[in-house]
Amino acid sequence: MSQAAIAAPAYKPPRPQWKSWLSLDNRYVPPAFITLILLAGQLSFGILESYERTLLAIATSIATELVLGRIFLGKWVNLASAYISGISVGILLRSPDFWPYAVAAALAISSKYVLRFRGRHLWNPSNFGISVVLFLLPASVAMLSIQWGNNLASMAVIWVLGSIIIWRVRRFHISATYAISFLVLALIRSWILHQPWLAEVSPITGPEYQLFIFFMITDPKTTVRSKKGQCLVAFCVAFVEMFFRFDQSIYAELYALFWVGPIALLIEMALDARKRRRADAAFPSSMEPNPAMPPSRG
Amino acid sequence: MKGGPIARAVLILFFIGLIAVPVILTRRNPSGSAGAQLDTRAALARYGFYFTEVSQQAGIHFVHQMPQLDPKLAPIMPEIASMGASVTVVDYNQDGWPDLYVTNSRQGTKNALYRNNHDGTFTDVAPQLGIADVNQPGTGVSTGAVWGDYDNDGYPDLFLIKWGRPMLFHNDRGHGFTDVSKQAGLPAWVNADTAVWFDYDGDGKLDLFLGGYFNETYDLWHLNTTKIMPDSFEYAENGGRKYLFHNLGSGRFEEVSEKLGIRSNRWALAAGAADLTGSGHPDLFVANDYGVSELYMNDGSRFHEVGKLAGVGYSPKSGMNVAFGDIFNQNKFSIYVSNISEPGFLIQGNNFWVPQDSTAGGVPKYVNMANALGAELGGWSFGAQFGDWNNDGTLDLFLTNGYVSLDRHRSYWYDFAKVTAGNSAIIGDASNWPPFDGRSLSGYQEKRVWVNDGSGHFEDVASAVGVTDRHDGRAVAVADLWNNGALDVIMANQGGPLLVYANHPDPANQWIEFALEGTKSNRDAIGAQATLYWDGQQQLQQVSAGSGFAAQNDLRLHFGLGKDPHLEKLVIRWPSGKVQTVLHLAPNHIVPIREEQ
């Protein structure tokens, strides 16, 4: 997971100072929310394998980001994204060992610096770290599978809170598209497999999916830019996930995002390049670039 | 991106290294002892013992039959009808030789009481003694048993745990059994898997704890709903209630659980009683499926649930076993609780609760050291027992496992994980669960025989010492079946045969056994704790009536001593509070000890 998007806002007059004191910077809303989830989940239901493991994941993630950011970006980077990656690893992984938490967190952050194309990293960091560890270490690592008490109330609280927050950072359409696609495709899976629809719906009612929907597929750095494109990608993730589910992969949604996310970005980059070529052909090289063209996001 | 080519090369190497770490570590730590074959000479040389499975030679041909419940549950019947195989060790006729009682779980099938013939064979005498035909339609079926001499007449009586009408049988001096359930005041119906005899109030009369699994309102053969499943995979509290029967004497019991602070509707699968604080009052540890374990501390007048304070009440798993063992020879019990681990799906890991020096408000603190001790992953684990298989003076561990073994090539795990992740409205209704359709769920698993090296590490040597079966194991019980100083292992399998693993320890290692008899305490001495001191070592053991999963070990205490031991003393803390020291002990004997008046 990574920090949710902050779309470039239109100009607004500055807020009164007292309002800014009460308003949390959008960059820190997702980290605050996921911390709240962690604390509420742990204090009420003991969702963590242990505090130590989660802290190890967070510390590893932050340390890796600090070091790699300093060396390869030449600055001390904002740690909100690394914090979310670390805490996600700490919540979502279940292992009796300590080291998978460190490895997954380090993999997550370092993937941002290694797996890049045209200045953009391709994989959602925590999706990459967790997927790789789950795939390579099935004997000692699993995914969070427990619930927030299984009752409807706690589930509803997280859905409502998550929706409000994701709305505020302007990514709600992604989560909604994915959730609706999942439910519709669950119906199709149920029909094909002759299984109860609720059995197919079941996974999305669990916390693993709530974290996936609110934090992972909404990552601004690894989603395409246009709103329609984001919705299309969210649908594609659910669609590809269906095939992983036919193959009885319980980490279907992670693996689907693992493949769909980078492919979508590569397609977007290819389309951007084509547009640029056409623009270059339409305008003489001495002309200034079209300010309407979106800048490349690093 | 900044950074020169060297920095980038280092980064890429670092990244590749991170990916390589899991691969390397997985290859360095292969699980289990798969592939090893029994070579008795090598097993003796390396581990100091080996097992041979001798049930057929011993005349034991028992095969457990699984329950057939209401047809509404048919799609997932293999999952629900997955318990009922149990084995208990009892000397029902007090001839000094352990006998075996095993349960059956299909309506109309019979339980068996295997009398020890003293010559390596056993004979089923349950039919003539009146405790075979106990699974009649309308009364439910057996899921376990515990033996305790509730009237102190010198002969252990039988409490039959059931999904159905629980039963108490009085032992008529080894010549027969009388059903005394009605006068005992037992509930009309329970769906229980665990019970323990213990004298919680120290009055010299055995009391009984009974832990429900499915809610007792369901007759699983005549259901009017399919909403009988746990409402959560990890936090379920819609299971069966708990009972504590206070022994009033004269064969009557009073149910006092609520009054004494035991209130829980978690899904209990195993329970054990032991004085964990040195207070002189036995505490109660309950391992729950679909949730956290519970530890009920006994202050002498009430029970207090202190699981969280003690550290055992966090991190909900699928508890299926409670066994106490002094694995470090430090006069303290560690507690082994089994759970589920299935590569690729769910890694709960078993819990090895090791006591710490610190306490929290008088409650002992425990830390799960299963990983560090090397006894964490045991598949879909069920019954486990401690015992010194090689008589080297440290307690080893035997674990059975395997849930549903059907089609070897098709697994139900994906569907299982899918549903259990869901909301209570989904998981709680059996009709939402995809049909089993002949698939396996953690089937055909390798058992674990973990040998304690004495320094805090357990090594799995199961295949190398001859434990190679792949049945769906449930109960493990331990006894010196042939009074030869070797702890044998008896294993009950769900829908499978009763196995008897005869133990062959290195004869150079010596042993001693104690048969305790209470006078002021209950006659079986259940709850008595004995610490043996030898060669600068000490080891704590206790007499238990209910241990592991659906099992009871021999009441006699067995200590391995290693080579050329010098025995110092045995200190016994009787349930009455009396402390007795026994000197002048000689190895390789079974020593009867009567509580001093």
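This is a short tour of a two-chain model, stop by stop, with something to select at each one.

**Before you start**

The model is predicted, so keep its cut-offs in mind: local features need pLDDT of at least 70, side-chain atom pairs count only at pLDDT 80 or more, and totals for chains, interfaces and linings use all residues. Residues are numbered from 1 along each chain as its sequence is written, while chains are lettered from A and ligands numbered from 1 in the order in which they are written.

**Stop 1: where the chains meet**

Select both chains. Here 45 residues of chain A are in contact with 47 residues of chain B; "in contact" is said of two residues whose C-beta atoms, placed from the backbone, lie within 7 Å. Now colour α3 (51–72), α5 (99–114), α6 (125–136), α7 (152–168) and α9 (197–201) of chain A, the elements that each give two or more residues to the side touching chain B. (Helices are DSSP runs of H or I with at least four residues, strands are runs of E with at least two, and both are numbered from the N terminus.) Which element gives the most to this side of chain A? That is α5(A), with six residues.

By class, this side of chain A has 26 nonpolar, 15 polar and four charged residues. Ala, Val, Leu, Ile, Met, Phe, Trp, Tyr, Cys and Pro count as nonpolar, Asp, Glu, Lys and Arg as charged, and the others, Gly among them, as polar.

**Stop 2: helix α7 of chain A**

The expected span is 1.5 Å times one less than the number of residues.

Next, pick out Met155(A), Gly162(A), Ile165(A) and Ile166(A), the buried residues of α7(A). A residue is buried if 20 or more other C-beta atoms lie within 10 Å of its own, exposed if 12 or fewer, and partly exposed in between, with C-beta atoms placed from the backbone. Look down the axis of α7(A): the buried residues fall within an arc of 110°, so they line one face of the helix. The arc is that of the directions from the helix axis to the C-beta atoms. These buried residues pack against α2 (29–45), α8 (172–193) and α10 (207–216) of chain A. On the other side, Leu152(A), Ala153(A), Ala156(A), Val160(A) and Ile164(A) are exposed.

**Stop 3: on to helix α8**

Just after α7(A), stop at Arg170(A), which takes a positive phi of about 60°. Most residues other than glycine have a negative phi.

Then select α8(A): its 22 residues reach 31 Å from first C-alpha to last, close to the expected 32 Å. Its buried residues, including Phe182(A) and Arg189(A), pack against α7, α9, α10 and α11 (227–246) of chain A.

**Stop 4: Gly90 in α4**

Jump to Gly90(A), in helix α4 (residues 80–92) of chain A. Is Gly90(A) buried or exposed? Gly90(A) is buried, because 28 other C-beta atoms lie within 10 Å. Show Ile58(A) too: it is 32 residues apart from Gly90(A) along the chain, yet their C-alpha atoms are separated by 7.1 Å.

**Stop 5: two loops in chain B**

Finally, move to chain B, with nine helices and 40 strands. Find Gln94(B) in the loop between β2 (87–90) and β3 (99–102); Gln94(B) counts as partly exposed, with 14 C-beta neighbours inside 10 Å. Then find Tyr290(B) in the loop between β15 (283–289) and β16 (294–298); Tyr290(B) has 26 such neighbours and counts as buried.
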